[in-house]
Amino acid sequence: MSSLLHFSTPSPSSRLSSSSFRNSPSNSLLFTKSTLRSIRLPSISRRFNQNRLSLTANASSVVDSPTTSAVDSGGGSPKLLLEVKDLTAVIAESQLPILKGVNLVIYEGEVHAVMGKNGSGKSTFSKVLVGHPDYEVTGGSVVFKGENLLDMDPEERSLAGLFMSFQSPIAIPGVSNIDFLNMAYNARRKKLGLPELGPLEFYDFISRRLKIVKMDTNFLNRNVNEGFSGGERKRNEILQLAVLGADLAILDEIDSGLDVDALQDVAEAVNGLLTPKNSVLMITHYQRLLDYIKPSYVHIMEDGKIVKTGDSSLAQQLEKEGYKGISA
């Protein structure tokens, strides 16, 4: 994040390149290309051990659940988080049209699932929302929390409260998980006008987040996704969500490559992070994810558009009849 460029303990291996972001998209805090060329990460990890967890600091959290909902706090009906109108987009290099008029509205506290055949535009839609450079918006509008999302750089979208978990998170050699998460978390706090946490406060904070995704503290000493199994990478994505917090979390096939136990753990973690103030947009092919994370709405995407919307019964119908059995 550009807001943390003042850290001054770089190593050659800790530089991220724009080409790695372009070729292998990962949440990786959604850096712009200019930020990627200059980012330097702090080196606070040394060795993270159990002794450092016996702390008394009670760190304030970006993602702690609110005690009241929008309605309870006098906010009336839930607030609009995301409004997508007639969104069109092409592949930047070839100008091949992918999105052909997507419309979607998400309010606080809702869980939306987007389903569809391969090539229908589901993942492209999610990447366009977070500002992936491989895609060019050619029409329509996207408003996030009352602001024009399309005017924001990728890292600005992340800092504003938009999170994405990708299908295939990349490894970042030379950057430990604890350094990566510390940088990301304090950047988010700065955006919210909160003071940075010191190392001890952060260790205390992150240890509680590890429990959410059932990960051992030794994981923090490992480099980001380096040598991780598919299940570990997906858990790591949800850990990033637990640390950063998000008003809207986009989960692109978070269930792919997971066995039943890992799927249950990941789904339990996501459910534990849901509050009346935030929302989730899930991209999936399978009903099994929706058995664990219950959607408010299910959308069917076809040829770059959302062609049908319903409740969870729509996904059940899709499971039984396939896409041919669902008429637009």
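1. Phe-202 and Phe-205 lie three residues apart in helix α7 (residues 199–212), so about one helical turn separates them. The model in which they are found is a predicted one.

2. A pair of aromatic rings is described by the distance of the centres and the angle of the planes. For Phe-202 and Phe-205, the centre-to-centre distance is 6.2 Å and the planes stand 40° from each other, which makes the pair tilted. A search of the whole structure gives four aromatic pairs.

3. Two packed helices are described by the angle between their axes and the distance between the axes. Helix α6 (residues 177–191) packs with helix α8 (residues 230–244) at an angle of about 35°, and the axes are 9 Å apart. The crossing of these two helices, α6 and α8, is right-handed.

4. On the α6 side, the contact is made by Asn-177, Phe-180, Leu-181, Ala-184, Tyr-185 and Arg-188. Helix α8 contributes Asn-236, Leu-239, Gln-240, Val-243 and Leu-244. Seven residues of this contact between α6 and α8 are nonpolar, three are polar and one is charged.

5. The second largest pocket holds about 180 Å³ of space. The residues that line this pocket are Phe-144, Lys-145, Glu-147, Met-152, Glu-156, Leu-159, Ala-160, Arg-188, Lys-191 and Leu-192. Two or more lining residues come from each of α5 (154–159) and α6. The lining divides into five nonpolar and five charged residues, with no polar ones.

Methods:
Residues numbered from 1 in each chain as written. Predicted model: local features only at pLDDT ≥ 70, side-chain atom pairs only at ≥ 80, totals over all residues. Heavy atoms only, no water. Axes fitted to C-alpha atoms, helices over the stretch in contact; angles between N-to-C directions. Helix = DSSP H or I, 4+ residues; strand = E, 2+ residues; numbered from the N terminus. Left-handed = near helix turned anticlockwise from the far one by under 90°. Contact = heavy atoms within 4.5 Å. Nonpolar A, V, L, I, M, F, W, Y, C, P; charged D, E, K, R; others polar. 1 Å grid on protein atoms, 1.4 Å probe; cavity = no way out; pocket = protein on both sides within 12 Å on 5 of 7 lines; lining within 4 Å. Points joined across faces, edges and corners; volume = space filled by probe spheres on them. Phe/Tyr/Trp six-rings, centres within 6.5 Å; stacked < 30°, edge-to-face > 60°.
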